[in-house]
Amino acid sequence: MAELSRDDVLAAREAIAGRLHRTPVFSSATLGERTGASVHLKAELFQRTGSFKPRGVLTKLASLVPEEKRRGVIGISAGNHAQALAYCAALEGIDALIVMWQGASPQKIEATRAYGAEVDLEADGPAHAFDRLAELMEETGRPLVHPFDDPFTIAGQGTVGLELLEDVPDTGIVVVPVGGGGLVSGIAVAVEGRRVVAVEPELSDALHQGLEAGRPVPVEPRSLADGLSAPFAGEHAIRICKERGVESVLVSEHELADGMRFLYGRAKLACEPAAAAGVAALLAGKVAVEPRESVVVVVSGGNVAPEIASAILG
């Protein structure tokens with residue numbers, strides 16, 4: 001795939017049609033009162049496997065030729081992409097091997113295995129996991145289904161943007177939680193002409209640093225939002241976000257917790273900490289909005305361990 005365009009996102013929607021949910025959009029009067037804008041929440045936590053990730057995975061799997069599928073696929077993930085790849089590979093009858101790491105969410109590891117994938121836990125952290133991934137790719141010859149740095153994956157994630165524009169046609173701003181940058185760059189392609197704001201934790205700011213440097217920069221993620229724990233942002237995402245003027249905002253751990261409590265208590269959305277990043281930025285006044293401007297915030301996933309949820313909500 002050459003330069004990514006909106007046509008690629010439209011093609012991705014055709015490739016995955018009928019196999020995933022069209023997730024709902026809810027208005028939030030309380031967020032509207034606090035910001036002066038018209039705020040909507042795109043509830044991707046209701047997607048299959050509990051996050052937006054299957055959109056990109058199915059798009060990538062659809063691009064593989066039969067011989068590649070016969071070899072089985074390999075991926076790497078802290079959890080949401082792992083579950084999505086395990087689920088989608090089973091849906092397609094493809095064997096899947098997922099590189100995770102020691103210290104990853106036990107709930108997400110268990111769910112990945114329950115979907116039928118083999119999980120490799122040799123790595124002791126996200127950075128070393130990519131070294132382990134390279135070893136296993138060389139040993140097995142499996143094609144990689146990257147969690148964020150692949151044009152097909154990005155195009156698939158961009159289908160979130162197509163849906164939210166159809167549901168909220170006057171959207172002026174889209175606010176997106178960011179890990180490796182696949183979701184926000186896909187949305188930026190899909191909603192061309194609208195403002196897109198990328199929100200990351202201060203303790204996991206791979207895209208923010210990548211945009212400043214103009215290239216992927218290794219980071220050591222330390223945020224409670226494990227779903228945003230990419231050790232670097234993708235080259236494709238950095239380029240797309242720079243070209244399309246995506247804004248970068250950082251939120252503190254305290255602000256993330258406030259966002260998650262708001263979504264649980266006021267919006268009744270049982271999200272994970274990562275998914276609350278966009279709402280956290282709005283609540284903290286870090287996204288400039290005009291009066292009555294239409295804002296859509298992506299609530300990206302709901303795979304949270306009970307002990308983490310109870311600690312934050314308590």
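## The largest cavity

Helix 5 (80–92) and helix 10 (182–190) each contribute at least two residues to the lining of the largest cavity; helices here are DSSP runs of H or I, at least four residues long, numbered from the N terminus. Helix 10 gives the largest share of that lining, 3 residues. A cavity is a set of points on a 1 Å grid over the protein atoms alone where a 1.4 Å probe fits but cannot get out, and lining residues have an atom within 4 Å of a point.

This is a predicted model, in which local features need pLDDT of at least 70, side-chain atom pairs count only at pLDDT 80 or more, and totals for chains, interfaces and linings use all residues. Residues are numbered from 1 along each chain as its sequence is written, and side-chain values use heavy atoms, without hydrogens and water.

The largest cavity holds about 380 Å³ of space, a volume being the space filled by probe spheres set on grid points joined across faces, edges and corners. Of its 31 lining residues, Lys53, Gly179, Gly180, Gly227 and Leu228 are the closest to the centre. The lining divides into 15 nonpolar, 13 polar and 3 charged residues; Ala, Val, Leu, Ile, Met, Phe, Trp, Tyr, Cys and Pro count as nonpolar, Asp, Glu, Lys and Arg as charged, and the others, Gly among them, as polar.

## The second largest cavity

The whole structure has 2 cavities of 30 Å³ or more. In the second largest cavity there is about 30 Å³ of space, and its lining includes Ser105, Asp226 and Ile308. By type, that lining has 4 nonpolar, 3 polar and 2 charged residues.

Methods. 1 Å grid on protein atoms, 1.4 Å probe; cavity = no way out; pocket = protein on both sides within 12 Å on 5 of 7 lines; lining within 4 Å.
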